[in-house]
Amino acid sequence: DLGGGGGGDRGGGGGDSDRGGGSGSSAPAPCDTICVRGFAQFTPEADVAQMMEHMQGYQTMNYVTKGSAPIAFVKFASEELATTALEQLRNYTPPGYEGALLVQYARRSCNAR
């Protein structure tokens, strides 16, 4: 069962630093990093990395598990390759999921470390 069930808040509580979705909010400008949401609560980072690593221009991924569902910030070699990945993932429903992933440009580029 990939749909997250009960309890298990692994996050540190407190405020949500992501302010998305107010009325009139605009989508982030294109950049070399995309933000991918919509994963089930306990999706392993390795599963998401495997999904992203095959995409052309993939460089690195930051996987954030704060809150109820993970978010992946995926950096590509260029804005153009990030755009290609974004378009591919917008239509992708992972096996066992009921809906497509939510994908948009990140607010800023990920820094490779």
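Helix α2, residues 79–90, lies across β1, β3 and β4, and runs at about 160° to β4. Before I go further, please keep in mind that this is a predicted model.

The other helix I want to show is α1, residues 45–53. Helix α1 lies across β1, β2 and β3, and its direction is at about 155° to β2.

Now the sheet itself. In what order do the four strands come? The order is β2-β3-β1-β4, the sheet is open, and the pairing is antiparallel. The edges are taken by β2, residues 58–64, and β4, residues 102–105. Each of these two has a single partner strand, so one side of each is left without a neighbour in the sheet. On average, neighbouring strands here are turned by 20° against each other, if direction is ignored.

Strand β1 covers residues 33–37 and strand β3 covers residues 71–76. They pair in the antiparallel sense, over four bridges. If you want a residue to look for on screen, take Val 36: its bridge partner in β3 is Ala 72.

How is Gln 88 classed by accessibility? Its relative accessibility is 47%, so Gln 88 counts as partly exposed; the cut-off for exposed is over 50%. Gln 88 and Val 103 are 15 residues apart along the chain, and their C-alpha atoms are separated by 9.6 Å.

That is what I have on this model.

How values were computed:
Residues numbered from 1 in each chain as written. Predicted model: local features only at pLDDT ≥ 70, side-chain atom pairs only at ≥ 80, totals over all residues. Heavy atoms only, no water. Pairing = 2+ DSSP bridges. Axes fitted to C-alpha atoms, helices over the stretch in contact; angles between N-to-C directions. Contact = heavy atoms within 4.5 Å. Buried < 20%, exposed > 50% of the residue type's maximum accessible area, 1.4 Å probe, protein only.
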